[in-house]
Every structure is written in C-alpha cells, then in structure tokens.
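Please look at the sequence and the structure below before reading on.

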Amino acid sequence: MFIIALLASCAAAASTPWMLGDETTVACYTLDTQEDIPMPAGLDMQWLLPLPAALSSAEPFVAEYAVTVDDAVFWGEAGNTAQLGAERERWRRLCNASATANNTGCAGGDTASCCVFHANLHSCRQSTGSACEPWVAPRNATVGDDGTSSGCATGNTTTTAATPAPESQTQVLVTHTAALTGVPGAFAQPLRLPSGSWVTIAHVKIMNFQCAVGALRRSVDPEPAAAGGTDSAAVAGIAAGAS
C-alpha cells in the first residue's frame with residue numbers, strides 16, 4: 001500500500017544530488033537537526049543495482065541498496081568520534097556484524113538496540129523545486145500498516161490510501177513499506193509506483209547520522225492487451241500453422 005502525506009515545512013529545502021540526476025553521490029545529515037554534513041569517513045552507501053530505466057506501474061521491482069562501515073577507517077576518524085560523543089563505544093558494539101546473532105534486542109524490534117534503526121524507500125512526484133528530502137516529516141500523523149506514525153505539525157488532514165498522488169500534487173511523500181533495521185549491509189525492498197515521473201530515495205538512519213541516495217525514474221502503465229485477448233504474434237502463429 002502507499003502511505004500518502006502532505007509535507008510540512010519542517011526544514012528548508014536544500015539541493016540534493018538525486019534532483020540533479022546524480023545516482024551515486026550520497027547526501028548525509030545530522031540525525032536530530034537535519035544539517036547537511038560531509039559523508040563520514042569510512043561510511044558508504046550505494047544502490048547495489050541501478051533502478052530500471054522504466055518502472056512498471058503494475059509490477060513491483062525489488063530495489064537493493066547497501067550501507068557499509070569500514071571499521072579500520074570509521075572508528076579511527078576524529079570527526080566521527082566527535083559526532084558520536086559518549087555513545088561511540090555503544091554504537092561500535094551495535095554495529096559489529098560479528099555480534100549480530102547475539103543482538104536479540106534489535107531482532108525483537110527494539111530499534112534503540114540497532115546500529116541501523118531505519119532503512120526504507122521513499123518517493124516523491126518529480127517536479128521543479130521539490131527537494132524530496134528523506135527527513136521531511138508528514139503534516140499531522142500518518143499511520144501505516146506496521147503501526148508506526150510520524151508528524152511534525154498540525155494543519156491539513158493526511159490520508160493513508162492506495163490511490164496515487166495526482167501529478168499536480170508536488171509536495172507528497174510516499175513510503176512504501178515498513179522500515180527495516182539491523183547492522184550495516186544490504187537491504188532489499190519492493191518498489192511499485194503509479195504511472196508518472198518520480199524521485200525515489202533509499203534512506204538510512206545509522207548511529208548519529210542519516211544518509212540517502214536517490215534516482216529519477218518514470219513509471220509506465222503496461223500496454224493494453226489486444227482486442228479479444230489475442231496479440232498479433234499469436235495470431236501470426238495460428239495463421240502460419242493453418243497454411
């Protein structure tokens with residue numbers, strides 16, 4: 001299903017790589033204040049597979065992306081240590097892949113026990129001037145199938161519906177599925193968009209950071225079936241067999 005919400009002006013719009021057609025440059029922000037920051041040394045994020053040039057409005061595509069931490073670089077970088085502060089060692093423990101099997105808290109749904117406590121896909125209708133930044137919260141609370149909700153301001157009523165946002169509604173954020181959690185690594189989630197031009201971003205919250213990578217794509221409706229449900233190739237085959 002699609003979770004549709006009118007966006008509030010919780011923060012000023014900023015230039016983002018994906019709005020310029022850049023699908024490899026990662027944008028990172030502080031977790032709480034959404035300030036732009038350089039990509040932390042030793043942290044990396046990328047699409048594992050490029051999104052198809054044209055998406056089908058009828059068929060979901062599994063989008064794959066990854067966030068990784070180079071331990072030899074990340075934990076020795078002074079800037080990262082300053083950003084993590086007193087929580088540095090706790091984060092180091094939670095992000096240790098070898099300790100994953102023992103992290104029953106994260107596996108049980110306690111996001112405070114997860115190194116990556118949010119990994120998700122978000123989409124916006126493509127339009128000039130729409131930043132489609134991942135941390136812009138919906139106006140009022142929007143509740144999804146997973147029971148989660150979020151909001152930052154009072155005002156217009158939001159909707160949760162399977163109907164797509166109209167082309168004229170530029171300030172709409174679509175969240176496709178419940179967020180994933182865990183340790184640095186690969187994530188995969190289904191993506192299906194109504195017809196039209198879209199911006200899709202993969203967004204992670206990891207430790208005291210949040211980062212995103214995006215892509216511009218067009219979703220198209222499937223070609224209608226030929227009259228009578230028989231396509232021209234099938235008709236040609238029948239004719240050839242009858243001759």
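The points below are grouped by topic.

This is a predicted model, in which local features need pLDDT of at least 70 and side-chain atom pairs count only at pLDDT 80 or more, while totals for chains, interfaces and linings use all residues. Residues are numbered from 1 along each chain as its sequence is written, and side-chain values use heavy atoms, with hydrogens and water left out.

**Nonpolar cores**

- A nonpolar core is a set of buried Ala, Val, Leu, Ile, Met, Phe, Trp, Tyr and Cys residues joined through side-chain atoms within 4.5 Å; buried means under 20% relative accessible area (1.4 Å probe, protein chains only).
- The largest nonpolar core has 34 residues, and Trp47, Tyr65, Ile206 and Met207 have the most contacts inside it.
- Elements that each supply at least two residues of this core include β4 (43–47), α3 (88–94) and β15 (209–220); helices (H or I, at least four residues) and strands (E, at least two) are DSSP runs, numbered from the N terminus.
- A second, separate core of nine residues includes Ala27, Cys124, Leu173 and Ile201.

**Strand β15**

- Nine of the twelve residues of β15 are buried, so the strand is largely enclosed by the rest of the structure.
- Two strands pair if DSSP finds at least two bridges between them.
- β14 and β15 pair antiparallel over eleven bridges, and Ile206 has Phe209 as its bridge partner in β15.
- Two residues lie between the strands in this hairpin, where Met207 has a positive phi near 55 degrees.
- β2 (residues 27–30) also runs antiparallel to β15, with four bridges; Thr30 stands opposite Phe209.
- β5 (residues 54–56) pairs with β15 in the parallel sense over three bridges, and Ala54 stands opposite Arg218.

Notes
Buried < 20%, exposed > 50% of the residue type's maximum accessible area, 1.4 Å probe, protein only.
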